[in-house]
Amino acid sequence: MWNDTEIPLAYLITFRTYGTWLHGDIRGSVDRFNNTYGTPRVEHKPSRKDFEKTLLNHHPVILNAAMRRSVETAIKETCEKRGWGLFAVHVRTNHAHSVISSGLLNGSVILNALKANSSRVMREAGCWSRRTLLG
């Protein structure tokens with residue numbers, strides 16, 4: 001059966017941890033002004049990356065094993081609670097990938113829910129606090 005709607009069958013949702021990929025990085029980046037499919041990425045510019053570093057409120061976040069487990073748990077719980085289909089999830093030290101079917105036209109709803117619940121689950125598990133962030 002063909003899905004003849006504007007709603008995607010699934011989204012590949014990737015989010016990075018705080019401060020681990022700044023604008024101006026050699027890998028390129030996407031900012032709020034360059035975030036539509038096909039829009040050119042923010043160009044490599046060491047001076048912009050250096051400036052972005054000065055704006056960080058705390059050290060970049062690197063996820064240890066307990067944090068990665070918490071993020072994976074949060075993604076699974078979020079999908080189960082909201083009735084979204086989770087096809088894949090993989091959490092690394094500085095980013096997480098998931099493939100989710102939600103029936104929503106706007107994937108940013110999924111992204112925001114995953115990030116918020118990941119922070120909540122890490123706090124509840126005792127592996128995320130202001131003290132953790134400040135080193």
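How much accessible surface does the chain have, and what share of that surface belongs to carbon and sulfur atoms? It comes to about 9,200 Å², with 54% on carbon and sulfur (Shrake-Rupley, 1.4 Å probe).

A quick note on ground rules: this is a predicted model, where local features need pLDDT of at least 70, side-chain atom pairs count only at pLDDT 80 or more, and totals for chains, interfaces and linings use all residues. Residues are numbered from 1 along each chain as its sequence is written, and side-chain values use heavy atoms, with hydrogens and water left out.

Now the overall layout. The chain runs β-α-α-β-β-α-α, giving 4 helices and 3 strands (DSSP runs numbered from the N terminus: H or I of at least four residues for helices, E of at least two for strands). Its C-alpha atoms fill a box of roughly 50 × 40 × 20 Å along the principal axes.

On to the pocket, with lining residues sorted by class:

| Class in the largest pocket's lining | Residues |
|---|---|
| Nonpolar | 16 residues |
| Polar | 17 residues |

Skipping neighbours within four places in sequence, Leu63 touches Thr17, Arg68, Val71, Val91, Arg92, Thr93 and Met122 (contact means heavy atoms within 4.5 Å). Across the chain, 62% of contacts between residues at least 6 apart in sequence join residues at least 24 apart.

Methods:
Ala, Val, Leu, Ile, Met, Phe, Trp, Tyr, Cys and Pro count as nonpolar, Asp, Glu, Lys and Arg as charged, and the others, Gly among them, as polar.
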